[in-house]
Amino acid sequence: MSLETPVGNRESSLVKSLRARLNKGDSWLTYDLGRLFSADKLREDAIDQLEERLLLADAGVDATNWLTERLGYDLRAGRIKTEVQLRAALRKALLDLLLPVAKPLDFPAYIKPYVMFVAGVNGVGKTTTIGKLATRLKRDGKTVMIAAGDTFRAAAVEQLETWATRAGVPLISQGAGADSASVIYDAVSAAKARGADVLIADTAGRLHTQIHLMDELRKIKRVVQKLDPFAPHEVMLVVDATTGQNALNQALQFHEAIGLTGVTLTKLDGSAKGGVLLAIARRLALPVRFIGLGEGIDDLAPFDAVNFVDALVGDDA
Amino acid sequence: MFENLSSRLTRTLDALRGAGRLTEDQVNTAARELRMALLEADVALPVVRDFVDQVKARAVGAEVTQSLTPGQALLRIVQQELTATLGGKSEALNLRTQPPAVLLMCGLQGSGKTTTTGKLALRLREVDKKKVIVVSCDVYRPAAIEQLKIVARNVEVEWFESQAGQDPVVIAKSALEYAKKQYADVLIVDTAGRTAIDETMMQEIAALHAALNPIETLFVVDSMTGQDAANTAKAFADRLPLTGVILTKTDGDARGGAALSVRHVTGKPVKFIGVGEKSAALEVFHPDRIAARILGQGDMLGLIEETTRKVDADEALRLANKLKSKKSFDLADYREQMQQMQKMGGLDSLLEKLPGGAKLQAQVQKAQPEREIKRAIAIINSMTRQERRYPDLIKASRKRRIALGAGLEVQDVNKLMRQFDQTREMMKKMQGGGMAKMMRSLAGKLPPGMMGPPR
Ligand SMILES: Nc1nc2c(ncn2[C@@H]2O[C@H](COP(=O)(O)OP(=O)(O)OP(=O)(O)O)[C@@H](O)[C@H]2O)c(=O)[nH]1
Ligand SMILES: Nc1nc2c(ncn2[C@@H]2O[C@H](COP(=O)(O)OP(=O)(O)OP(=O)(O)O)[C@@H](O)[C@H]2O)c(=O)[nH]1
Ligand SMILES: [Mg+2]
Ligand SMILES: [Mg+2]
């Protein structure tokens, strides 16, 4: 496992590797789309097969039904007769779903510091994503600060410290056991005082069903709003691509608690396909910000719907 | 959000009543519903297929006894098959070897290996009275070793030092040497998270296994995992002789289909479940509970049995009739109601068994209903019969005496009187239906068909 990837053509090589990774090993949507055709005619169960593959990717019953009904309609209307047409129709349907949510993070110059909360259930990759993101933003010429808002989990502060050092950005921390809201409040004041562009606050992992912990998030938000009534400017939910249908519950409940403004999908370098993104897009239409593609500092890419869909469907359609 | 299997089966099957045995048609209809229910619960598709076939084979021609609807009969078969597939009964850790018994932890990133290492260490030290040493071979994740050090200190077991620059296999070997010298009973080896398609890292874990020869190789899997659980479990099982599975983060509301996927693919028993972040939050795995959860039933069957067992039906009926015949609801009646609730084991244990009950339970716990009920009964016990019969008699001086008698404060008596007033109001509105009506309305919240005729 290497922690560095060659800089330079970073983005396009990431996308290529995403493609390779998503299609690795086992089948996904269209790797063998040809099999759905006998001679020139589509096989009768082509739609069933697609349905199955969507389900296998964790797209969930709702998003899957939506997609297959749509394709079924085109099929019956005689608009899909060949593999190329089926692939194109699927690609178009997926893009219709994902293009509207592919909204990169934007840092307007008049917001300073731009306050970001990073939240999510346990172990999804919040802290790692913050390390990667800080690196990226610093490279883009922004002054970035990080707040060690996870004061609960063992060595959470030390972990973030290492990432802050790697990224070369200052960390505001009161150590383990401190009050999370007060750490983040202090960090926002410090970011204001130092004129930083962006402050990213880590938060402890919490299951969305834990009422008192969700209340704690609300409190953090309230406290920070004493310094800036418009903060946080971004509340990013981190979702693990390996997650099944529970990701929808996570998104809904975190949204209900603190109002999400974006999602990042991590661990797409594994064998999971991250189809929950389709389910979330369908249900919540939350902007998707980044995808995580590994444990290295450069393994983060802005979410690009076309690339994502190409990686899934193949780009020769 | 999800329709549970019971209502799915009831909806599709109970229209087709009459047959003494489940027909192939009925079973096929049910199979489609079962498939969807399992997919929604995140059971991996290939596993869903096998399981549905297994159920079909058993269900066609199965007898539908008089007291059950076809839907209930099928649900029962599904639940039994699922419990059996999940392992039937719970299995303990295997430590039967020349000490130190080595436990090797493995799994995807963030699944809960390090936390679970601490939980197992605590359990082995406290419950099994073992001398435990833990070591981290995670030289990659920032502060991974520090994390285990802190966890070990918290659970008061020895931590064998390792460093980020070291070779994991070298760490493992020296930890084993050390554990032998110390006459430790158990050595738990934490490892870095890895994806199953990272060849280098999979080779590393195989090498660690070879160096350690562990008695238990535990695959740690997040209960929120989706379809990938099957692929990943298979990939790990192909490289390592897994001996057991630990399902983490079950304190959330994930349906936990991963448990079935992993069990089916590896054939290895789930040994423990993680139920929280704290070190004590580890429980023995009970297949029947997870089966019910996967089916979205909560422990509905258990709930029904328990309710019927604990609530004295005659008593409830007597109370209901008495209330109906009576003009007023007094404090003695109120006490009887409380006592019935106490018999049911309190709201808390009932809620636990309902789907989504965990959330309600947390809210209820804040209110501490059990304690409230005890207090209320104590206060009413300290009243005279007159006072119970005519609550309006209870004024300041009487309140002081009652409070003293119950060992509580006057404000507690006031609180009880307020609650009593509210209940009395409610009883008036319900026109004397009382407990029986409450029971009926509880039954109304259960899926149709579940409260069927008694067996
Ligand atoms: N393969 C892979 N691993 C990742 C990715 N992002 C994070 N991880 C790993 O996932 C594990 C958990 O990451 P963390 O950043 O600690 O997750 P977290 O959400 O902060 O965890 P808690 O604070 O404990 O809730 C670590 O081993 C990370 O290296 C990713 O995109 N791909
Ligand atoms: N709610 C809950 N959280 C858990 C449970 N088990 C572990 N966690 C949390 O999940 C997160 C990840 O746990 P770790 O023990 O660091 O996971 P890991 O597998 O060692 O992670 P890596 O070493 O990065 O692969 C932490 O926030 C833990 O507190 C559980 O049973 N319930
Ligand atoms: Mg973290
Ligand atoms: Mg770990």
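I will start with a pair of strands in chain A: β3(A) and strand β6, residues 198–202, run parallel and are joined by five bridges. One of the pairings sets Val118(A) against Asp202(A) in β6(A). What you are looking at is a predicted model, so please keep that in mind throughout.

How many of the residues of β3(A) are buried? The strand covers residues 114–119, and six of its six residues are buried. In a regular strand the side chains alternate between the two faces of the sheet. In β3(A), Tyr114(A), Met116(A) and Val118(A) point one way, while Val115(A), Phe117(A) and Ala119(A) point the other way. Both sets are buried.

Now chain A as a whole. Chain A has eleven helices and ten strands. Of its 317 residues, 53% are buried. If we take the contacts in chain A with a separation of 6 or more, 78% of them are between residues 24 or more positions apart.

A word on confidence. Chain A has a mean pLDDT of 87, and 85% of its residues reach 70 or more. Over residues 1–9 of chain A, though, the pLDDT is below 50, and that stretch has 15 contacts in the model beyond near neighbours in sequence. Residues 23–34 of chain A are also below 50, with 24 contacts of that kind. Where pLDDT is low, the predicted coordinates should not be read in detail.

Next, the ligands. Which residues come nearest to ligand 1? There are 27 residues around ligand 1, and the nearest are Gly125(A), Thr128(A), Gly205(A), Gly292(A) and Gln109(B). The site is shared between chains, because residues from both A and B surround the ligand. Helix α5 of chain A, residues 126–139, gives the most to this shell, with three residues. Sorted by class, the shell around ligand 1 holds four nonpolar, 15 polar and eight charged residues.

Ligand 2 has 26 residues around it. The closest are Asn122(A), Gly123(A), Gly112(B), Gly193(B) and Gly274(B). Chains A and B both supply residues around ligand 2, so this site too is shared between chains. The largest share of the shell, three residues, comes from helix α5 of chain B, residues 113–126. The class count for ligand 2 is five nonpolar, 14 polar and seven charged.

That brings us to the contact between the chains. It takes 41 residues from chain B and 37 residues from chain A. On the chain B side, the elements that give two or more residues are α2, α6 (144–154), α8 (199–212), α9 (228–239) and α16 (357–367). The residues on that side divide into 16 nonpolar, 15 polar and ten charged.

Let me stay with α2 of chain B for a moment. This helix covers residues 24–40, and Glu40(B) is in it. Is Glu40(B) buried or exposed? Glu40(B) has 23 other C-beta atoms within 10 Å, and the cut-off for buried is 20 or more, so Glu40(B) counts as buried. From Glu40(B) to Asp50(B) is ten residues in sequence and 16 Å in space, C-alpha to C-alpha.

Chain B is divided into three parts: domain 1 (5–85), domain 2 (101–294) and domain 3 (300–445). The C-alpha centres of domain 1 and domain 2 of chain B lie 35 Å apart. Their contact takes 13 residues from domain 1 and 18 residues from domain 2. On the domain 1 side, α3 (45–59) and α4 (70–85) of chain B each supply at least two residues. That side has eight nonpolar, three polar and two charged residues.

My last stop is helix α11 of chain B, residues 287–294. Seven of its eight residues are buried, so the helix is largely enclosed by the rest of the structure. The buried ones are Pro287(B), Arg289(B), Ile290(B), Ala291(B), Ala292(B), Arg293(B) and Ile294(B). Just after α11(B) comes Gly296(B), with a positive phi of about 70°.

Methods: Residues are numbered from 1 along each chain as its sequence is written. Chains are lettered from A and ligands numbered from 1 in the order in which they are written. This is a predicted model: local features need pLDDT of at least 70, side-chain atom pairs count only at pLDDT 80 or more; totals for chains, interfaces and linings use all residues. pLDDT is the predictor's confidence in each residue, from 0 to 100. Two residues are in contact if their C-beta atoms, placed from the backbone, lie within 7 Å. A residue is near a molecule or strand if its C-beta atom, placed from the backbone, lies within 6 Å of it. Helices (H or I, at least four residues) and strands (E, at least two) are DSSP runs, numbered from the N terminus. Ala, Val, Leu, Ile, Met, Phe, Trp, Tyr, Cys and Pro count as nonpolar, Asp, Glu, Lys and Arg as charged, and the others, Gly among them, as polar. A residue is buried if 20 or more other C-beta atoms lie within 10 Å of its own, exposed if 12 or fewer, and partly exposed in between; C-beta atoms are placed from the backbone. Domain bounds come from an automatic or database domain assignment. Two strands pair if DSSP finds at least two bridges between them.
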